[in-house]
Amino acid sequence: MTYDDYLDGKPTVITAALTGGVHGKEAHPDLPETPEEIASAAAACEAAGASVLHLHARRENGERAFSAERFQEVADAVRAATDDAVLQHSTGGTAAPDALRHEPLRTDPAPEMASLDMGPLNRYDRLTSENTRELVASLHAEMKEREIKPELEVFNDGHLNESLSILDDLEDPPYLNFLFGGGTTSPPHPRNLLNRVEALPEGVEFNVIGFGPHQLPMTTQSLLLGGHVRVGLEDNRYYEKGELATNEQLVARAARLSEELGRPVATPAETRELLGLRGR
């Protein structure tokens, strides 16, 4: 995608990241954790303009869960509460055994999309995810077998190298997700996103995440460069400095920005066509 796509008014895919797996209600009292809470937030976000729902599962005590059974509970609740949104399961994880990382792919039906971290990363003080090539390859192989569209998670330039090396093994269009923040994530600056976009071969679709206060400016820049966006409480808890947000508010703001900039918000059907999804 390019600036020409922006000028042509290409629809924007908005992904809502509802809860994540790091912080809990101690950081935001309304962070959804149970399947029912996640489903309620998903319905509100779909109504506000999100066509993709990025899902994590949590245990009863709020800690992150990887089991297919818990993901099944979340996915069933979300499908019952929403109309037609695309479900995207997270396979990311910090210090989780490799076998557990496959579990989110094994629901029935399988999710239409899943995230795929493209290499090692550090976040916060003690969170490290190795993401060896062996693990990335095995997750990718299972996604291909189950016809799940991978969203390649590009936290830094090394991950971009890894992503570009497997483009020929991806169904069109390849879909890369650029993340900007702290730790081993790329520094959040407009020039870094511009460099990333310029490095992409023709035909690649990209999405952008800015963590914390960088969510709004990076979202806006992605819209101008013809990219898609992800917002939500997993990545950013605040609507503005000192004011906690809701998932719905963050999606609604991204939708407003997109429309104001002349890019209509993609419906789930348009998202499936843009990203080459098979549907479920």
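In which loop does Glu-147 lie? Glu-147 lies in the loop between helix H5 and strand S9 (149-154), where helices (H or I, at least four residues) and strands (E, at least two) are DSSP runs numbered from the N terminus. The model is predicted: local features need pLDDT of at least 70, side-chain atom pairs count only at pLDDT 80 or more, and totals for chains, interfaces and linings use all residues. Residues are numbered from 1 along each chain as its sequence is written, and side-chain values use heavy atoms, with hydrogens and water left out.

**Backbone features**

- Most residues other than glycine have a negative phi, and most peptide bonds are trans.
- Glu-147 is not a glycine, yet has a positive phi of about 60°.
- Because its relative accessibility is 43%, Glu-147 counts as partly exposed (buried means under 20% relative accessible area, exposed over 50%, and partly exposed in between, with a 1.4 Å probe and protein chains only).
- Asn-131, also a residue other than glycine, has a positive phi near 45°, and is found in the loop between strand S8 (127-129) and helix H5 (133-145).
- Asn-131 has a relative accessible area of 5% and is therefore buried.
- Asp-108 and Pro-109 are joined by a cis peptide bond with omega of about 0°; Pro-109 is in the loop between helix H4 (98-101) and strand S6 (113-117).
- Another cis peptide bond, with omega of about -10°, joins Asp-172 and Pro-173; the loop between helix H6 (157-164) and strand S10 holds Pro-173.

**Helices H2 and H3**

- The axes of H2 and helix H3 (residues 68-81) come within 8 Å and cross at roughly 40° (axes are lines fitted to C-alpha atoms, for helices over the stretch in contact, and angles run from 0 to 180 degrees between N-to-C directions).
- The residues of this contact between H2 and H3 divide into nine nonpolar, no polar and two charged (Ala, Val, Leu, Ile, Met, Phe, Trp, Tyr, Cys and Pro count as nonpolar, Asp, Glu, Lys and Arg as charged, and the others, Gly among them, as polar).
- Pro-35 belongs to helix H2 (residues 35-48) and is buried because its relative accessibility is 4%.
- Beyond its neighbours within four places in sequence, Pro-35 is in contact with Arg-70, Glu-73, Val-74 and Ala-77 (contact means heavy atoms within 4.5 Å).

**Helices H8 and H9**

- Helix H8 (residues 215-224) packs against helix H9 (residues 247-260) at an angle of about 35°, with the axes 10 Å apart.
- The residues of the contact of H8 with H9 divide into five nonpolar, four polar and one charged.
- Among the residues that meet are Leu-216 and Leu-223 in H8, and Arg-253 and Leu-257 in H9.
- Arg-253 also lies over the face of Tyr-239, at 4.1 Å from the ring centre (a charge sits over a ring if NZ of Lys or CZ of Arg is within 6 Å of the ring centre and within 35 degrees of the ring normal).

**Buried loop residues**

- Gly-20 is in the loop between strand S1 (14-17) and H2, and counts as buried because its relative accessibility is 1%.
- Not counting residues up to four places away in sequence, Gly-20 touches His-56, Arg-58 and Glu-234.
- Thr-185 lies in the loop between strand S10 (175-180) and helix H7 (190-198), and its relative accessibility of 5% is why Thr-185 counts as buried.
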